[in-house]
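Please look over the following structure with its surface charge, its aromatic contacts and its backbone geometry in mind. The briefing below takes these topics in turn.

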Amino acid sequence: MRKLIVCMITLCLLLSTSCGAMAAGVTLRTFTPFADIDYAAQSYMDMITAWEEETGNVVEDYSGLMDEAWLENLKDMIASGEADIVAVPLGSGLTSSELVSVDELLAAAPDCGAKRFSSMAEADGSVLLAPLRLNWEALYVNIDVLAANGLNVPTTFDQLISTCAALAQAGVVPIANALCEWSEIVLDCAALAGAPEDQYGQQASLDGAKDVLTALTQVGAFGADAWNATEADYEAMFLSGGAAMRIDSDGLAEAISAERSDNVVVIALPAKDGQARGHVVGTPGVGLAITRACWQDAERREAALSLVSRMLSADAASQLATGAQGLLSKSIAALTFSATDCTGLLYDINADSFDSWSEAVISSLMSM
C-alpha cells in the first residue's frame with residue numbers, strides 16, 4: 001500500500017512538472033506552403049513536432065496552399081500581431097513594417113542560418129526573406145551509368161568533356177537534352193558555366209555559353225541522334241537509366257523513382273574556367289521571415305529565432321527543398337544550401353534578344 005501511495009505522489013509530481021513546463025512554453029503561429037499536396041508537408045510537420053518536444057514550445061500552424069485566401073488570412077493575422085513566422089514567395093506585398101529584414105535578423109543572430117540574397121530584394125531594395133526553397137536548374141547525373149563505364153562524376157569542365165567523349169564512344173548518350181527542341185534551361189546553365197557569375201546575362205556569358213555547348217557538341221555529348229530525338233524521348237531515357245546525364249530543373253527530381261534515388265545526384269554544370277560558382281542557376285522560391293510583432297515580444301522573439309534556425313539548417317534543406325530521397329535528396333540539399341544567391345534566368349533578364357541569340361547558337365551548332 002505504501003508503495004502505491006509513493007508511486008501516486010511521484011506521478012503527481014511528474015505531471016505537475018510537465019504541466020508547468022508546458023505552461024512556460026511559448027506559442028508561435030506559423031504560415032508556410034508546406035501542407036496539403038506539398039511534398040515537404042510531412043517532413044515539415046515532423047520537424048515542428050521534434051522542435052516542440054525539445055523546447056517545450058508550441059506551434060499553431062496555418063500552413064496551406066498559397067492562394068489568395070491563405071495570403072489574406074496571413075496578412076490579417078500579421079496586422080493583428082498574431083502571426084510570428086512566415087514562409088512566402090517574393091512579391092507577397094509584405095513590407096519592412098510587417099517583417100524583420102534579413103539584415104536585422106543577422107545582426108541579432110549571426111548564426112541563425114539566414115542568407116541575404118540580392119535576388120530576393122523587394123521593390124524598395126530591402127531584403128525581407130531568407131531563402132528557404134529555390135527554383136533551380138542543374139546537371140543530373142546517373143552515377144550507376146558512369147560507374148558501369150568506369151567513370152566518376154565529373155567535377156571540372158575538362159572532366160566533363162572527357163567523360164562525354166568516353167560515353168559517346170561507348171554508344172551511351174552522355175547528356176540527354178535534345179538539340180531540336182533546345183531547352184532554355186541548357187542555355188541558362190551553359191551561360192553560368194561559360195563566364196564568371198557576375199557577368200551572367202551579359203554578352204560575355206552568352207559567348208561563353210556558346211563555347212561550352214560547342215565543346216560538348218564536338219565530342220558527341222548530346223548523342224548521335226541529338227537533332228532528331230525529342231525532349232520527351234531523352235527525359236524518359238535518362239529516367240530509366242539509359243543515358244548518363246541531363247540538364248534540367250528541380251521539377252525533374254519529382255519524376256525520379258524511389259528505386260533510383262540512390263543512383264542519381266545533382267551538381268552544378270562545371271565551369272569552363274575551373275572556378276567555383278557560388279550562385280545557383282534559377283530564381284528564389286520561398287523565403288522565411290519573422291514578423292515585426294513577434295520580434296518586439298522578447299519571449300516570442302527568442303522562440304522564433306530557435307525555430308527559424310532549425311528551418312534554415314542543413315538538415316532542413318534536405319527535408320524542405322525537395323520531395324526526393326536518398327543520394328538525390330542529399331545532393332540537392334548540398335546544391336541549394338551552399339548557394340550564395342540565384343542567377344535569375346536569361347529570358348527574364350533580356351526577353352527581347354533571347355530568341356535571336358538562342359537561334360544563333362543552334363544554327364552554329366547545326367553547322368558543325
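**Surface, rings and backbone**

Glu72 is partly exposed, having a relative accessible area of 44%, and its place is in helix α3, which covers residues 68–79. The model is a predicted one, and the points below are grouped by topic.

**Surface charge**

- On the surface, Glu72 gathers with Asp67, Glu68 and Asp76 in a patch of negative charge.
- A residue needs over 30% relative accessible area to belong to such a patch, and Glu72 has 44%.

**Aromatic rings**

- The structure holds seven aromatic pairs, among them that of Tyr347 and Phe354, whose ring centres lie 5.6 Å apart with the planes at 80°, so that this pair is edge-to-face.
- The angle of 80° between the rings of Tyr347 and Phe354 is to be read against the cut-off for an edge-to-face pair, which is over 60 degrees.
- Within this pair, Tyr347 counts as partly exposed at 35% relative accessibility, whereas Phe354 counts as buried at 5%.
- Phe31, Tyr62 and Trp70 are linked into a cluster by ring pairs.

**Backbone geometry**

- Most residues other than glycine have a negative phi.
- Asp36, although not a glycine, has a positive phi of about 55°.
- Asp36 lies in the loop between β1 (27–31) and α2 (41–55), and with a relative accessible area of 55% this residue is exposed.

Key:
Residues are numbered from 1 along each chain as its sequence is written. This is a predicted model: local features need pLDDT of at least 70, side-chain atom pairs count only at pLDDT 80 or more; totals for chains, interfaces and linings use all residues. Side-chain values use heavy atoms; hydrogens and water are left out. Patches are made of residues with over 30% relative accessible area and no salt bridge: like charges are joined within 9 Å, nonpolar side chains (Val, Leu, Ile, Met, Phe, Trp, Tyr) within 5 Å. Accessible areas come from the Shrake-Rupley method with a 1.4 Å probe; for residues, only the protein chains shown count as cover. A salt bridge is a side-chain nitrogen of Lys or Arg within 4 Å of a carboxyl oxygen of Asp or Glu. Lys and Arg count as positive and Asp and Glu as negative; His and the chain ends are not counted. The place of a charge is taken as NZ of Lys, CZ of Arg, CG of Asp or CD of Glu. Helices (H or I, at least four residues) and strands (E, at least two) are DSSP runs, numbered from the N terminus. Buried means under 20% relative accessible area, exposed over 50%, partly exposed in between (1.4 Å probe, protein chains only). Rings of Phe, Tyr and Trp (its six-membered ring) pair if their centres lie within 6.5 Å; planes under 30 degrees apart count as stacked, over 60 as edge-to-face and the rest as tilted.
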